[in-house]
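Me: Could you take me through this model, starting with its packing and ending with how far to trust it?

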Amino acid sequence: GRLDVQTTGLLLLTNNGELANRMMHPSSGLDREYAVRVNGKLSAEAMAELTAGVMIEGELHRFSDIRYFDGRGVNQWYHVVLLEGKNREVRRLFESLGLMVSRLKRVRYGPVLLPSWLPLGQRAELVATDVAALLKLMHIEPDSAGPGRTPRNSRRSVADKRSKERS
């Protein structure tokens, strides 16, 4: 799933088109969790309204979960969960209550968590067991052409080719 220019956080990259399509499709039911800093604190009633649903431009938008996380002064942090993640949905939901989002970060996409140790702008690869679990969750059979296969242009496969040529 994409992130808008003002949002940071977890992006998943794959060379498996079937996996990408299934994960992004709303029917997958994969939730997306965001850490959100807003200017102001939500009342219990406002949090209930955001989970019940708010009509925005004729369409119902809602969080499947919202939890207060932390805050000081006007800056308050919440963790919110969406099932679809439509364009600017998190920002629009908070704006419907008169609150401005000052920071937005995706911290989870389905079962994949953004590691807290990972610096901004850096990447980490999923281990093979995590990829296998993700394929299983999405009902995709692992095969030789899917994730986990060594790319043809990697150092390992080039070295393997050279050793085969010598023998």
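Reply: What follows covers the cores, the aromatic pairs and the confidence.
This is a predicted model in which local features need pLDDT of at least 70 and side-chain atom pairs count only at pLDDT 80 or more, while totals for chains, interfaces and linings use all residues. Residues are numbered from 1 along each chain as its sequence is written, and side-chain values use heavy atoms, with hydrogens and water left out.

Me: OK, which residues have the most contacts inside the largest nonpolar core?
Reply: They are V36, L42, F63, I66, V80, V90 and F94, in a core of 20 residues. A nonpolar core here is a set of buried Ala, Val, Leu, Ile, Met, Phe, Trp, Tyr and Cys residues joined through side-chain atoms within 4.5 Å, where buried means under 20% relative accessible area, exposed over 50% and partly exposed in between (1.4 Å probe, protein chains only).

Me: And which elements each supply at least two residues of it?
Reply: Those are β2 (32–39), α2 (44–52), β3 (54–56), β6 (75–82), α3 (89–95) and β7 (101–109), with helices (H or I, at least four residues) and strands (E, at least two) taken as DSSP runs numbered from the N terminus. There is also a second, separate core of eleven residues, which includes V112, L134, L135 and I140.

Me: Switching topic, how many aromatic pairs are there?
Reply: A search of the whole structure finds three, counting rings of Phe, Tyr and Trp (its six-membered ring) whose centres lie within 6.5 Å, with planes under 30 degrees apart called stacked, over 60 edge-to-face and the rest tilted. One of them is the tilted pair of F63 and F94, at 5.7 Å centre to centre and 45° between the planes. That pair links distant parts of the chain, since F63 lies in the loop between β4 (59–61) and β5 (65–72) and F94 in helix α3, 31 residues apart.

Me: Is F63 buried or exposed?
Reply: F63 is buried, because its relative accessible area is 0%. F94 also counts as buried, at 0% relative accessibility.

Me: What about Y78 and F94?
Reply: Y78 and F94 form a tilted pair too, 6.3 Å centre to centre with 45° between the planes. Y78 is in strand β6 and F94 in helix α3, so this pair ties together parts 16 residues apart in sequence. Ring pairs link F63, Y68, Y78 and F94 into a cluster.

Me: Last one: where does pLDDT stay under 50?
Reply: It does so over residues 147–167, whereas the protein chain averages 85 and 85% of the residues score at least 70; pLDDT is the predictor's confidence in each residue, from 0 to 100. Where pLDDT is low, the predicted coordinates should not be read in detail.

Conventions: Contact = heavy atoms within 4.5 Å.
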